[in-house]
Amino acid sequence: MFESPAYAQAAGQAGASSGAAFFVQMIPLLAIFVIFWFLLIRPQQRRMKQHQALIAAVKKGDTVVTGGGLVGKVTKVEDQHVEVELAPQLRVRAVKSTLSDVTPLGGSKPAND
């Protein structure tokens, strides 16, 4: 109301260039997101898929480590559970998703061979 037409014209011109400035300011944020994607998010997703495949492939005789740190041999496999023998005549049931590591039946070669 009390502004002169000159101020109104200057504000209109600044609005046209502010759209370009907005995109220029967004470029570093997009670059950071892309870096995070390739360095953090993508490798974690790949590791999750490998772990899920490892858990799905559990079979009788495999050695497993549970999330609580218990190490045992798989004696029975069901859809959602596995039966793990921790010691002779000591068997517990564990939920498959709580397994943190699976070593196949043959095991791995010793490190010094």
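Modeller: One cut-off comes up at once: buried means under 20% relative accessible area, exposed means over 50%, and partly exposed lies in between. Keep in mind that this is a predicted model.

Biologist: Why is K59 called partly exposed?

Modeller: The relative accessible area of K59 is 44%.

Biologist: What makes the contact of K59 and D62 a salt bridge?

Modeller: The test asks for a side-chain nitrogen of Lys or Arg within 4 Å of a carboxyl oxygen of Asp or Glu. For K59 and D62, the N to O distance is 3.6 Å. That is within 4 Å, so the pair qualifies. In general, side chains of opposite charge can pair when their charged atoms come close.

Biologist: How many salt bridges does the structure hold?

Modeller: Four. One of them joins R91 and E83, at 3.7 Å from N to O. K76 and E78 form another, with their closest N and O atoms 3.6 Å apart. K76, E78 and R93 are linked in a network.

Biologist: How do you know that K76 and E78 are partly exposed?

Modeller: K76 has a relative accessible area of 43%, and E78 has 30%. Both values fall between 20% and 50%, so both residues are partly exposed.

Biologist: What makes strand 1 and strand 2 a pair?

Modeller: Pairing needs at least two bridges. Strand 1 (residues 63-66) and strand 2 (residues 71-77) have three, in the antiparallel sense. So they pair. In one of these bridges, T63 has K73 of strand 2 as its partner. The hairpin of strand 1 and strand 2 has four residues between the strands, and G69 takes a positive phi near 95° there.

Biologist: How many bridges join strand 2 to strand 3?

Modeller: Four, and these strands run antiparallel. V77 has V82 of strand 3 as its bridge partner. Strand 2 and strand 3 also form a hairpin, with three residues between them.

Biologist: What is the order of the strands in the sheet?

Modeller: The order is 4-3-2-1-5, five strands in an open sheet with antiparallel pairing. Strand 4 (90-95) and strand 5 stand at the edges; each has a single partner strand, so one side of each has no neighbour in the sheet. Neighbouring strands are turned by 40° against each other on average, direction ignored.

Biologist: Which residues make up the largest nonpolar core?

Modeller: Nine residues do: I55, V58, V64, V74, V82, V84, A94, L99 and V102.

Biologist: What does A94 touch?

Modeller: Leaving out residues up to four places away in sequence, A94 touches T66, Q80, H81 and V82.

Definitions and conventions. Residues numbered from 1 in each chain as written. Predicted model: local features only at pLDDT ≥ 70, side-chain atom pairs only at ≥ 80, totals over all residues. Heavy atoms only, no water. Core = buried A, V, L, I, M, F, W, Y, C linked by side-chain atoms within 4.5 Å. Buried < 20%, exposed > 50% of the residue type's maximum accessible area, 1.4 Å probe, protein only. Contact = heavy atoms within 4.5 Å. Helix = DSSP H or I, 4+ residues; strand = E, 2+ residues; numbered from the N terminus. Axes fitted to C-alpha atoms, helices over the stretch in contact; angles between N-to-C directions.
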